[in-house]
Amino acid sequence: MFKQLSSPHAHGPTKTSWVMQQVSLALLPGLAVLTSFYGWGNLINMLLAIIFALGFEAAIMALRKRPVMFYLSDFSAVVTAMLLALSIPPYAPWWVTLIGIFFAIPVAKHLYGGMGFNPFNPAMVGYIVLLISFPVQMVEWAAPRTMTDLPGLGEALSYIFLGIHPPDGVTAATALDLVKQNSGLLMEQLWEQTPQLSTASFASAGSEWVNVAFLLGGLYLLWRKLYTWHAPVAMLATLLLLSAIFYDGGSSASKGSPLFHLFTGATMLGAFFIITDPVSGCTSNRGRLIFGAGVGLLVFIIRAWGNYPDAVAFGVLLMNFAAPLVDYYTQPRVYGHEKRSNVRIHRE
Amino acid sequence: MSQNLTQRIKTAQIWDIPGGIHPPENKAQSLKDPIAEAPLPKQVILPLAMHIGAPAEPLVQVGDKVKTGQMVAEPKGLVSAAIHASISGTVTGIEDRPLAHSSGMSGPCIIIESDNQDDWVDLEPIDNFRDIDPATLVEKVRYAGLAGMGGAGFPTAVKLQPRHTIHTLILNGTECEPYITADHALMRERAEDVIQGALLMAYMVGEPEQILVGIEDNKPDAIEALQKAIDRAGDSRLSQRVFPTKYPSGGEKQLIQILTGKEVKSGGLPADLGILVQNVGSAVAAWEAITQGKPLVSRVTTLVGDALGRQNNYLARIGTPIADLLELAEIDRNKSDRVVVGGPMMGFTLLNDQVPVTKITNCLLVPSLKELPAPPPAQACIRCGLCAEACPASLLPQQLFWYAQVEDHDKLRDYNLFDCIECGACAYVCPSSIPLVQYYRAAKGDIRESEREKVKSDHARLRFEARKERLEKEAEEREAKRKARMEAAKAKQAASDSGKSSDGASDLVAAAMARVKQTSANPEETRLKLERQKKTFEERIEGIEAKIAEAESDDIKAKFSSQLKNTQKKLDGILEKLDSLENTASQEEIAPAPEKDAAAAAIERAKQKSEALAGMSESEKLKSTLASLKSRQEKAAAKVAEAQASGADTLEALKTGLGKIEEKILATEKQLTELGED
Amino acid sequence: MQSAFSDPILIFAVIALVGLAVLFGAVLGFASEKFKVEGDPIVEQIDSILPQTQCGQCGYPGCRPYAQAIASGEANINRCPPGGQATINHLADLLDVEALPLDAESGVEEEETKVAYIIEDLCIGCTKCIQACPVDAILGAAKQMHTVITSECTGCDLCVEPCPVDCIEMITVEEGLSNWHWTLPPSSSKQIEGFKITDVITTDRVKTKQDDAA
């Protein structure tokens, strides 16, 4: 009847595991659209990634002598696995996924102290390791349904598990790559000449609808108040502004239209599912605005002038570095104090 | 609400506070019925410290008859409040009882057994308070025992004597915590007294320019009742401010920010801004204390929670055991695992339901297990920032949490831990269920403790250094004296070198050393001391044995037996010492004989004797010879008697020996008389 | 053959270097005056960390001598049982050395604060304890009963040994209402012990919906 408990005795309904479940749920429309446009690849990768991730997580928790099920049930490993699987090309071999998950979960997450202590987004660390180590496998994205017949389930499995290289028709350069490699063509000409763009409805074939799906998932999470609008809006607005400035009327020097940049590549996935990761992002709303704008800026710079066609992962990791600095300068003014606090922020 | 009223309220400007949360309000269940009067308790327990500040000083003794409303303890010191008998009856004890406190500890209480009469003392009502000097009124409030009834328990009279001019009096009717409706019910049913109380308080603090009644918009019936009372009072300074419901708007600092847009400086008081905040319950209590002369002997307490059958507001006598009220509200003890005093956000759990209702008990919450489940184990902080968004003081709870964990007190201070009002909004929203407030409370307690320790250690350092200085000075003085003496001795020596006198100084030292030796080696004294010790230890052992016999629990017994063992050991040690002392003493007596042969000893003795005799005068010599002869005569006579008894053949020889001694005695006596004649 | 000194480049170089040296010297000199750190000497800082029980368990006659010994490097920082691990960590921080565990030779860290108490019935008034007390916390005179001024006592127990009649006891200062405070919650791994995984799931949002409906 009597026990000593510190107040508060009431607790809000939001729980970390519930948050993670909602995030996984919100990723499903994107996965569905990816599967419908590019075939079974991403679905298989995702299942594979989740199994690997849970396996690593359980093994590490067992090694750290923690209750395994308690930690698995927070769903954070599943979210990391899903994000990584959605970023890897659909027909990348299974070991690519395994290595990616290895660098995401044991290295980027647990070597830094586990859940809540990782300074970098684990999924993005895994992705970058893969991108740098296996450029061949990582830049070959699948061709969308609008360009070619999709491989069946059996073929997909053989590409992933048997090491059979998908034929040229199945893989194709991404739209972002095409715009980047463009030399001398006006935007309109480029659009007409390349099927990735000519078969698109408004941005780039396949990718555009995937982005719409992620946008919808993100809006769902916003509606459930899982995070604030600050970071995504800041990132998308920055990207929009920069791409508008450098659109250059569609000349041969153009870096692509704003619509193209917003709905191609990993833009929406990044804006709503990656830069909103609380652990490696900024803590205050003002900080999140800066964080989002920074990612948007870096994404555009790398897309336009960098060596890699897409840049969300780089942008996020670079801003992860900057997050403590941003947090330092965006501390709120405490009630009853005249000046903002200026104390070193601790990042676990 | 009339259209006119709504408009008037809406025109006043209000400000927003940062953060805040919207937990389910759960206020309806205790507001269905009007305030009910709880039956008279059979016994009341009145803690001497129901308020912040110094405990009150008892004025009664066990066995005294008291009447309801009689002062039983008076305020002691500036920040204190009086305590009154809340029922009539007999004082049956002034003793430690468990208190309504998060620690569950006990404290001094006055216990009164009811005579069921509820016989009141004669009250001294004041018809028109404006005829009386404000300072007198404040003193009356102090002796009426008023203490902040919103939950903090700060003595009301102290707040009514601000050091600064008050231009705004704020009446706090916010009651922002879920479940609690004590103030709400009071405002609804006694709006007139609330407003009149406000005017009374305004008079006491020197008539401020405005009197604001702050209330959340989730209490429409109370807002309407208050507005009517305000209109009737017809004082243009009075106005009601309604603002959106949000927790914790009712915090003093938060309410000031909402109503005036100003912030109380960190570490400062509202009075620094010229603002005074009083709870509506305190206003009613002040009104009763002055106009009816009635001290604070009862208060409205909300009994709420799914484990209670009758959730309602009760007017309970202060000191009523909480268990009585819980029974009154038909508690189902199987449904709940805790009783919370206060609301779900800032209340504390009870460790015992025999504790009394106090002046600050505004709510007793007995939630069912389903209603407010205990939080699951904490998960890792994911830095989601929800806590920072919820914090009404704009702190960074996640940073405070980290540094509280690693006990980095400097950093905690840098992050303004002491601006935390412990409202619990951060812990409420935390998705990882981290008990943040407990971390902050522990850290604050630790910091305060280490501050106390720091003060103490600084003090100890000063004393240590002062002592060192003193000892050094003493040593110097001794040294100086010694030197002076040496100088003197040298001078003396130089002077007496020709006169050849003995060295006085060295004689003194030798004598002192001899004295020391004597005292330290005196076996008799040591023995006496040891015997004294033995006696006291025996007494102690008896005492402890008696205690063991009395002790009830095994714990205490074990404690005493270990004490007994120790004492016994010490006693054994003393006995041992005593034994060894006696042995050496007897050995000393026996030892010399076998060590040296008898002849040598005799020669020694004779030598000593002759030496001794050498220095004596003629008559002295004779006397001593006589004495020794007489003792020899005695010994010889004894031996003769012995021989006679045993019939030994040495009898004759002995008899001759005795005769010879007698002859010698006579001769010596003759010599002595001759000498005396000379 | 040209003399080395007649080479203008060399002369310029020498002039430039000398000029730079003078300039930087001036700047450094100015800076050292302007930003002079008026820090406590290290002994003061160490002494302020030590608990000032003056108990001598470290082997030095008081806290300050121990502070001096630490400062001069002749003593380790782990010899103060009354301060315990917290003091050792603090010292390690200050001196930027490794925080060692408490030296067992010096004694063990006691959880509770203690003060000396003289059993007055037994006291014979020998003043031995008064001489032993490092902070003059014992009051009394020869052949008179002695007593401890509790508020001044540091709990060093130096007075216990000299007492010829064993009348001094160290008693624990009990936690009262005035010094009670919350302690840190148990570590999360402790909280999880005996915890069922379903407990986490059932406290989710689903529950409030039911409650709302009710």
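A residue is termed buried when its relative accessible area is under 20%, exposed when that area is over 50%, and partly exposed in between. By this criterion, buried residues make up 32% of the 214 residues of chain C. The structure is a predicted model, and the values reported here were computed from it.

The secondary structure of chain C comprises 8 helices and 4 strands. Along the sequence, these elements follow the pattern α-α-α-α-β-α-β-β-β-α-α-α. Among the contacts of chain C with a separation of 6 or more, 50% are accounted for by residues 24 or more positions apart. The accessible surface of this chain amounts to about 13200 Å², and carbon and sulfur atoms contribute 58% of that area.

In chain B, an open sheet is formed by 6 strands, arranged in the order E1-E14-E13-E17-E15-E16, with mixed pairing. Strands E1 (36-37) and E16 (348-349) of chain B stand at the edges of the sheet; each has a single partner strand, so one side of each is left without a neighbour in the sheet. Helix H4 (residues 182-189) of chain B packs on this sheet, where it touches strands E13 (298-304) and E14 of chain B. The direction of the helix makes about 120 degrees with that of E13(B). In general, the strands of a sheet pair through backbone hydrogen bonds, in either a parallel or an antiparallel manner. The pairing of E1(B) with strand E14 (residues 312-317) of chain B is parallel and extends over 2 bridges. Within E14(B), Leu315(B) is the bridge partner of Glu37(B).

A search of the whole structure, over all chains, found 0 disulfides. A disulfide requires a pair of cysteine sulfur atoms within 2.5 Å. The cysteine sulfur closest to that of Cys133(C) belongs to Cys156(C), and because the distance is 6.1 Å, the two are too far apart for a bond. For Cys159(C), the closest cysteine sulfur is likewise in Cys156(C), at 6.1 Å, which is too far for a bond. Cys133(C) has a relative accessibility of 8% and therefore counts as buried. With a relative accessibility of 6%, Cys159(C) also counts as buried.

Several features of the backbone were also noted. Most peptide bonds are trans, and most residues other than glycine have a negative phi. The peptide bond from Ser7(A) to Pro8(A), however, is cis, with omega near -5 degrees. Pro8(A) lies in the segment before helix H1 (16-38) of chain A. A cis peptide bond is also found from Tyr247(B) to Pro248(B), where omega is near 0 degrees. Pro248(B) belongs to the loop between strand E11 (238-243) and helix H7 (252-260) of chain B.

Lys65(A), which is not a glycine, has a positive phi of about 55 degrees. Lys65(A) is placed in the loop between helix H2 (41-63) and helix H3 (68-72) of chain A, and its relative accessible area of 74% makes it exposed. In chain C, Asp157(C) has a positive phi of about 60 degrees, although it too is not a glycine. This residue lies in the loop between strand E3 (147-148) and strand E4 (168-172) of chain C. With a relative accessibility of 40%, Asp157(C) counts as partly exposed.

Definitions and conventions
Residues are numbered from 1 along each chain as its sequence is written. Chains are lettered from A and ligands numbered from 1 in the order in which they are written. This is a predicted model: local features need pLDDT of at least 70, side-chain atom pairs count only at pLDDT 80 or more; totals for chains, interfaces and linings use all residues. Side-chain values use heavy atoms; hydrogens and water are left out. Buried means under 20% relative accessible area, exposed over 50%, partly exposed in between (1.4 Å probe, protein chains only). Contact means heavy atoms within 4.5 Å. Accessible areas come from the Shrake-Rupley method with a 1.4 Å probe; for residues, only the protein chains shown count as cover. Two strands pair if DSSP finds at least two bridges between them. Axes are lines fitted to C-alpha atoms, for helices over the stretch in contact, and angles run from 0 to 180 degrees between N-to-C directions.
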